[in-house]
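Hello,

Here is the structure I promised to pass on to you. Have a look at it first, and then read my notes below.

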Amino acid sequence: MYFPNGGMLDDELNNADISDGKATVRLGTKTYDVKVKSKGEDCLDNVVKATQCKGRTKKGKRCKNETGDASGKCHWHR
Ligand SMILES: [Zn+2]
């Protein structure tokens, strides 16, 4: 969540109940009314989300690197 002052408040919002599309987030002495817009509107849908690499390490364990590549694999495992 981005605020005009540049702060990111995901931690606070994680505690907020936005199931009905709105929430009140209290931060210090200020209270923010947060409304969830209709799904997809102004959201970052075009941003590639990082996923865990599908590759495996030499020991056969799941690679813990995260990648946004379409292959689902980090730069080591492509
Ligand atoms: Zn990997």
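**What I found**

Read along the sequence, the protein chain has the pattern α-β-β-β-β. That is one helix and four strands, where helices (H or I, at least four residues) and strands (E, at least two) are DSSP runs numbered from the N terminus.

Please keep in mind that this is a predicted model: local features need pLDDT of at least 70, side-chain atom pairs count only at pLDDT 80 or more, and totals for chains, interfaces and linings use all residues. Residues are numbered from 1 along each chain as its sequence is written.

How much of the chain is buried? Of its 78 residues, 4% count as buried. A residue is buried if 20 or more other C-beta atoms lie within 10 Å of its own, exposed if 12 or fewer, and partly exposed in between, with C-beta atoms placed from the backbone.

Between Ala23 and Val34 the C-alpha to C-alpha distance is 5.1 Å, although they are eleven residues apart in sequence.

Strand β1 runs antiparallel to β2 (residues 30-35), and six bridges join them; two strands pair if DSSP finds at least two bridges between them. Opposite Leu27 you will find Lys30 of β2. The hairpin of β1 and β2 has two residues between the strands, and Gly28 takes a positive phi near 65° there.

Best wishes
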